[in-house]
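Hi,

Here is the structure I promised to pass on.

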Amino acid sequence: MIVTRRVVLAGSAALAAGAVLPATARRAWAVTTWKSDGLQIDSASDGHLEFPPEFAYATFPEAQRADLIAQFDLPDGVVESPLNVTLLRQGDRVILFDVGSGPDFMPTAGRLVDALAAIDVAPEDVTDVIFTHGHPDHLWGLLDEFDEPSFPDARLAMGKAEFDYWTDPATVDTIAEDQLSFAAGAMRRLQAVADRIETFADGDEVAPNVRAVGTPGHTPGHMSFAIGTPEDGLFVLGDVATTVVSVAYPQIGAGTDHDPDLAARTRAAVLARLADEGWTTLGYHLPQGGIGRIQRDGDRFTYVAGA
Ligand SMILES: [Zn+2]
């Protein structure tokens, strides 16, 4: 299996003018391509999120915080979280897993359409959009800055429990206060496409060669996807583990985990499966395009970038 990492610059005009692009612009076109026998998957960057350290490290146990920051060489200042959207091209199907953040979430995100253009994939080419979950950085790219569908011809699919949660009028009353905008934003976007979206369940074949794997906890109906087999396929992890710290210590989750205990149990079980079965995985927020493998040492795991 081969992994190639490419940074495609923003057009020849900028290059000819000798323009120096800011780091965020360069990253916007990063595409990592993974190939096995008969399968090609691209990790297309939607940009990145930025968090203050007190948010990014909020789930670290107080007594371990300094050690973890040193062990993983984590920054003192702004923490960047990459956004890796999985693109599967198979036969006549062009399948996106999630759609990035769109124009309204963070200024450093919402670059997916540009990243796809750099590998000659137009929005109209996308035949299927399959969601892991309904958080802003995965869903809000569904609509563009004019509130038009970003991928107008795509079939849209989301796990039923996830769709039901974000379209339930009661969710705004029960969700954590700091995630109220997540609920309102998801509701607005899902209502806009309600007549086009279909739902699926754990274990369903959501596209040829692609099986849904229920991985609840980060959100109520979070889904991962097994493409092909461990030998020659890839596992779309979504937000089951969002940092290398969460891979190493599955009990340490993300601040946005809906049900932290369930998320931790799911994380430990999925990481064990990936390591034991030998999957290549693509994590939405993991480093270097998010493509890598999970190595197991008892109940501890290590994320190894690359195939
Ligand atoms: Zn996410």
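How many aromatic pairs does a search of the whole structure find? The search turns up 9, where rings of Phe, Tyr and Trp (its six-membered ring) pair if their centres lie within 6.5 Å, with planes under 30 degrees apart called stacked, over 60 edge-to-face and the rest tilted.

Before the details, a caveat: this is a predicted model, so local features need pLDDT of at least 70 and side-chain atom pairs count only at pLDDT 80 or more, while totals for chains, interfaces and linings use all residues. Residues are numbered from 1 along each chain as its sequence is written, and side-chain values use heavy atoms, with hydrogens and water left out.

Tyr57 and Phe60 make a stacked pair, 5.2 Å centre to centre with 25 degrees between the planes. Both Tyr57 and Phe60 are buried (under 20% relative accessible area; exposed is over 50%, partly exposed in between; 1.4 Å probe, protein chains only).

Phe105 and Trp140 are edge-to-face, because their planes sit at 75 degrees, with the ring centres 5.5 Å apart. That pair links distant parts of the chain, 35 residues apart. Trp140 is buried at 7% relative accessibility, whereas Phe105 is partly exposed at 23%.

Trp140 also has Arg189 over its face, 4.3 Å from the ring centre (the cut-offs: NZ of Lys or CZ of Arg within 6 Å of the ring centre and within 35 degrees of the ring normal). Arg189 itself is buried, with a relative accessible area of 4%.

Finally, Phe97, Phe200 and Phe225 form one aromatic cluster.

Cheers

Methods. Helix = DSSP H or I, 4+ residues; strand = E, 2+ residues; numbered from the N terminus.
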